[in-house]
Amino acid sequence: MTYQRPNIEKMQGYSPGEQLNDPAVIKLNTNENPYPVSEKAQAALRNLDAASLRRYPPPLADDFRRAAAQLHGISPDNIMATNGGDELLRLILTTYVDSNETVAVTRPSYSLYPVLVDVQGCKLHEIDLQEDWSMPADFAQQLQQANAKLCILVNPHAPSGKLLSQDYLSELAAAFSGILLVDEAYVDFIEPEQNYQSVPLIDKHENVLILRTMSKGYSLAGLRFGYGLGAESLIAPMLYKTRDSYNTDLIAQKLALAAITDQDYAQSTWERVRQSRNSLTEQLNSLGFTVLPSHANFVLAQVPDKMDAKALQLALKERKILIRYFDQDRLRDKLRISIGTDAENDRLLEALHELLA
Ligand SMILES: Cc1ncc(COP(=O)(O)O)c(C=O)c1O
């Protein structure tokens, strides 16, 4: 006897990366920012008056929306704040995808997408990426053939770190009749020289939604704060109809506001991550791994010939270094490694040196 809806009974839940509560552990498994929370956000936390928690928070997080709107040069009506980027994903499905409709994603991709599709009870259509992780040439046609209502693309791609250009996304949005959700959880780590500018797409295409998070670029994964950007016609139904009554709490709103307005600090962490990523990539390649250039705060490393990726991950765990292994097609010979501080990356490299010897 079960009270679960049939789709919930059948489904598997999301498996998050391990969160060990041991300060000695080097945690390179969930793509957190290795650098501290902005001083301004820390001060906002210290200055918080507990008495203010007696009241409900501003329901729409308007101060944050205004600050994010200013940063991106758009109107607050084009922005909604969410309890982590993950809440935005859930809201998009709840608001826009009926149970007989289809969500298209690439394979592989962020493993939460299929879980949310199962929860919603709608259909999933997975489109395989090419050998080099690029998009198949007929991707837009495949979306139309699958009659997809929503397509979710993560850019830079997880877990490969590959970047699609804004021109590609713009052409795809024009060719697709459903909603194109560009999940930009890792956008802050793209090199400025790439000149990647996706926000103008929301003006140009009424079917483009962009996901951003404070978890990675702003070192606030524990806070649970993200936001969506899109045409007002896409944002308003989620903002005024399907959102939880008070979906972001007062503490989160204040800290997220302080962090997003401290751009100089955030950008300094992104630059450090980029530099470490480039040197880690080089050093892993010289150890015999195959690592493609990544535009995110992680790299996907194919282990040297004849090595067992899962065994390597476990051996590192014994040495208190956590990295991520995915038991999935195309990923079983690879490890996803989040970029840590230089000291953490050096510890990882030393351990790998020993294990490969
Ligand atoms: C691709 C991708 N999208 C979205 C998220 C959501 O992040 P959060 O809910 O912490 O904002 C993550 C987190 O790992 C992610 O990897």
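## A parallel strand pair

Six bridges connect strand 3 (residues 102-107) with strand 4 (residues 123-128), and the two strands run parallel. Two strands count as paired if DSSP finds at least two bridges between them. Helices (H or I, at least four residues) and strands (E, at least two) are DSSP runs, numbered from the N terminus. Within this pair, valine 105 lies opposite glutamate 126 of strand 4.

Together with helix 5 (residues 112-120), strands 3 and 4 make a right-handed β-α-β unit. A crossover is right-handed if, with the strands pointing away from the viewer, the path from the first strand over the helix to the second runs clockwise. The loop between strand 3 and helix 5 contains proline 108, and a cis peptide bond with omega of about 0° joins arginine 107 to proline 108.

## Basis of the model

The model is predicted: local features need pLDDT of at least 70, side-chain atom pairs count only at pLDDT 80 or more, and totals for chains, interfaces and linings use all residues. Residues are numbered from 1 along each chain as its sequence is written.

## The chain as a whole

The chain holds 13 helices and twelve strands. Its radius of gyration is 20 Å, close to the 21 Å that the globule rule gives for 357 residues, so the chain is as compact as a globular protein of that length. The radius is taken over C-alpha atoms, and the rule is 2.2 Å times the number of residues to the power 0.38. Along its principal axes, the C-alpha trace spans about 60 × 55 × 55 Å.

Of the 357 residues, 45% count as buried. A residue is buried if 20 or more other C-beta atoms lie within 10 Å of its own, exposed if 12 or fewer, and partly exposed in between, with C-beta atoms placed from the backbone. Among contacts with a separation of 6 or more, 74% are between residues 24 or more positions apart; a contact requires C-beta atoms, placed from the backbone, within 7 Å.

Three strands, in the order 9-10-12, form an open sheet with antiparallel pairing. Strand 9 (290-291) and strand 12 (334-338) stand at the edges with a single partner strand each, so one side of each is left without a neighbour in the sheet.

Strand 9 pairs with strand 10 (residues 298-302) over two bridges, and valine 291 stands opposite alanine 301. Proline 293 is in the loop between strands 9 and 10. This proline is partly exposed, with 13 other C-beta atoms within 10 Å.

## Backbone exceptions

Most residues other than glycine have a negative phi, and most peptide bonds are trans. The bond from alanine 158 to proline 159 is cis, with omega near 15°; proline 159 is in the loop between strand 5 (148-154) and helix 7 (166-175).

Alanine 61 has a positive phi, near 55°. This alanine is in the loop between helix 2 (39-46) and helix 3 (62-72) and is buried, with 28 other C-beta atoms within 10 Å. Lysine 320 also has a positive phi, near 65°, but is partly exposed, with 14 other C-beta atoms within 10 Å.

## Around the ligand

The ligand has 13 residues around it, of which Gly84, Gly85, Asp86, Thr213 and Ser215 come nearest. A residue is near a molecule if its C-beta atom, placed from the backbone, lies within 6 Å of it. The shell has five nonpolar, six polar and two charged residues. Ala, Val, Leu, Ile, Met, Phe, Trp, Tyr, Cys and Pro count as nonpolar, Asp, Glu, Lys and Arg as charged, and the others, Gly among them, as polar.

Key. Contact = placed C-beta atoms within 7 Å.
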